[in-house]
Every structure is written in C-alpha cells, then in structure tokens.
Amino acid sequence: MSVSRRHFIKQSAKASAAVYAASFGFSAKSYGNIIGANDRVRLGVVGYSDRFRQALFPSFLNHYEELNFDIVAVSDLWKLRREEGKSFLKEKLGHNVQTCVNNDELYRIKDLDGVIVSTADFQHALHAIEAVKAGKDAYVEKPFAETMEDNRNALRIIKASNRIIQVGSQRRSGGNYTAAAEFIQSGKFGPITMVELTWNVNQPGRWRRPALVAKCKQEDTDWKRFLMNRPFEKWDPRKYLEYRLFWPYSSGMPGQWMSHQIDTVHWFSGLKHPRSVVANGGIYMWKDGRRNWDTMTAVFDYGPQNDLTTGFQVTFGSRMHNGDEKPAEIYYSNGGELNLNTNTISPKGGLQQNHASAMDMKPNLLPEMKLTDLEEKVVASANTGADRLTSNHMRNFMECMRSRKQPNAPVEAGYYHSIATIMTNAAVRTGAKVTFDEKTQEVMANGKVFKY
C-alpha cells in the first residue's frame, strides 16, 4: 500500500470513527485514537513460540478477516525461529512478512499498530513496556511479571499511556466464568469460605524440549538480550528454551498455571492479592537438573487488610507426575459449592436443617442449578489449540484495539495475579510465611524484600 493511499484510508477512517465513537459515548479527544473500522490493523509477533503458533495464531485466524487485521512482521532473537515464523506466516496469510532480529528493529516499522507477545515468562512485563513506549497496543501472555520491580514499572508506564493491553488470562473471556463472577458478586452465593485450586499432569516432557535444545547455538541467538534485567549466567540453551524449569526465568507452576486460577479469585471476590502465603513441595520425580519444583501445595489467606476477622482460605496444589490434565476450581460457601469443572451450583456440603436448628440458625442452602449454558472447557494440555477461551480473548483484544475500550483482562488484572504468583514463589524459595507491603508494593519474606 502506498503512503498516500494509506494516509487517505486513515483520514477517511477517522471520519467514520467519529460516528462509531459517538455510538459508544467517546469524547472528541478519545475518538481520535480509534483505528478506523475500514482500515486494516497491522500487528507484529514478539516471540515466535509454540504458544503463538499453536494457540494465539489460530485464535487470531478465527477473527482476522472479519475484523480486518493482519500480521506483517515477526521478531525473535533466534535465527531458526525467525525463519520458521516467516515461512509459517507467509504460508498461512498468503503474503510475505518482515523478520526482525530484535524489538528495536520491529518498532521501526511504519504503520505497525500492535503486537502479540509470547516470550519467556520473565520477559512479558518488560516486552509490554517496550510496546507501549513504542506507541503500540499489545496482547501479552501470562504470567504478567515475575518480580515486583518489573510489575510496578509495567503498571506505571502502561497506565500513563493510552495503549490497550490485554493480559493472557483468558478465563476472563469465558461465559461460565463471567456467570460465576456475577453469581458470587450478587451475594446469592454467600461469603466465600474456601477455594480449592488444582492443576495436575503426568508428562515427563512437559516444559522439556531436548530435540530443540540440540539445535540451539549461541551464535544464532542474542543471549545477552534474552537475559534482559536478569543476573548474568553463561550461555545455556536449556535455560533459553526450557526456561519454565529454571528460576529466575520462570517461577514454574505458580506463574504458568496458578496465575490463571488465582486470577479468578481476585475477579470473583474483588480482592487484589493474598494477605499471606505459605508453600511446601519439592522435586520428587523429575531429576533432570531443573530448579523449579515438580510438586507443590500453596495455602493462601485472603480477606480485607483492615479486618482480619473475616476472609477465606485458598489452596493451590499441583503435581507433574500423576494427573489427568483437568484443572479444578471449586468455590465453597456455608450454603454449598460453585464448581467450575462441572459448571454447576449446588447445595453440596451446605448447612443442613438439623445441624442449623441445633445452633438456632437458618440453613441457607444453594439451589441445584447449571451455572450457564455458555460453558467453555479449560484445555490444560501443552498444545491447547484455538480453544474457545483463547479465541474469545483474542477477539476481545482485537475489538478493543478498534473501540479503545478496556479489554477483559487489563493491566491491573496482570498486576494483581503477579503479586500472588510472586508471593508464592517467594514462599517456595525462602520457606517463609510471605506477606505483601501495601505501602511499598513489595513482597516480604523473613522481613526482607523478595527479589530473586
């Protein structure tokens, strides 16, 4: 597309956007930021990862023609991935895409509107910062941040921008999760008293990539740039590709799995983070040099900071050596349970009439009912494909790039789930009962700020 033609389209689109914006109640100032409905939105890929290829891109394909989006470039530090990304995207989209050796090169591309970020866990917040500083919107995979310094910096910089950031907490785009949030927040469920979260698999190869590690050579990558702000370590292709096994590049189970589930606790309850966390576990099965546990249980205390007499407990349990890949999320109240696996609300375990009468109380049993007809099953395998949750979430991001409305999982959602995962990781690393300092926004373990 010529510069003059693209300029004409953008100007025409802005005029159309004024009408579009008015229908949504936007101000004259805000509608100037809207990308016109008749103009193609151009995205770049930051990290040609398995997650992008297997789930994010198929989800993008579900909507890109209808919403008039395109992918025009791919940025990856590894030569092999850049070349694979270029070939893959060219075949799927029917046109060439530009390859970039790093994000500096990516953000020099004119008329780039946004990016999809699916890089190493510890890089997500840092790559989100790069995107908004370059004036781009971004879909950013979770966990959002693995240290509070990165978390705070990203929140501050993103909130000061006018950019759209969708954190990859795709449960927030699920009909059954939305119904659960509405039911609990309506007061019909009663006070939450307990939440049980589990995520178990039995996969020796989960997060292992030995065949790919053998292909990865230092001369074909930019190891220094990969490390970003992490302490220097000598080149290790396992840490480059199997980063989920190695702190400080990933917290492992808390960042990868718990971040999804704990986000629903914050969403449903309105609480921002735990009051305290303890954890126990170890590497009991897979003795392959990993640093991150293969088995763990974390116990959280949630409730208002100014009233320790009220609240509830959350447990998260995960093991990698025996499991059915069916993550469980069950919310309990005195009147029964809300089970997101079975998509039901029931009086199971609720206070019975005979027990209530003995204590001169009224039973408040929940009804037996289906949560919603809009059920989206969680896919827990390593390759989720374009599952409905991720597809819905990607569409929400794309629609918000046009409307400039806040997406389902804005930066605040990422900020708060990261507090919980960082607190959990701190408990894992130190053995302490970990708390959060509201004033300094720091995670505290044994009276000290937790960093690494």
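The expected span of a helix is taken as 1.5 Å times one less than its number of residues. In this predicted model, helix H16, which comprises residues 411-430, has 20 residues and extends 28 Å from its first C-alpha to its last, close to the 28 Å expected at 1.5 Å a residue. Of the 20 residues of H16, 16 are buried, so the helix is largely enclosed by the rest of the structure. Just after H16, glycine 431 adopts a positive phi of about 75°.

A helix pair is formed by H3 (residues 50-61) and H5 (residues 79-93), which pack at an angle of about 20° with their axes 13 Å apart. Because angles under 35 degrees count as roughly parallel, H3 and H5 are therefore roughly parallel to each other, and H3 passes H5 in a right-handed crossing. On the side of H3, the contact involves Asp50, Phe52, Arg53, Phe57 and Leu61, which meet Arg81, Phe88, Leu89, Lys92 and Leu93 in H5. By class, this contact of H3 with H5 contains 6 nonpolar and 4 charged residues, with no polar residues.

Leucine 112 is located in the loop between helix H6 (103-106) and strand E4 (114-117). With a relative accessibility of 4%, leucine 112 counts as buried, because the cut-off for burial is under 20% relative accessible area. When its neighbours within four places in sequence are left aside, leucine 112 is in contact with Arg42, Leu43, Gly44, Val72, Leu106, Tyr107 and Lys136. Glycine 44 and leucine 112 are separated by 68 residues in sequence, whereas their C-alpha atoms are 7.1 Å apart in space.

How values were computed. Residues numbered from 1 in each chain as written. Predicted model: local features only at pLDDT ≥ 70, side-chain atom pairs only at ≥ 80, totals over all residues. Heavy atoms only, no water. Axes fitted to C-alpha atoms, helices over the stretch in contact; angles between N-to-C directions. Helix = DSSP H or I, 4+ residues; strand = E, 2+ residues; numbered from the N terminus. Parallel < 35°, antiparallel > 145°, perpendicular 65-115°, else oblique. Left-handed = near helix turned anticlockwise from the far one by under 90°. Contact = heavy atoms within 4.5 Å. Nonpolar A, V, L, I, M, F, W, Y, C, P; charged D, E, K, R; others polar. Buried < 20%, exposed > 50% of the residue type's maximum accessible area, 1.4 Å probe, protein only.
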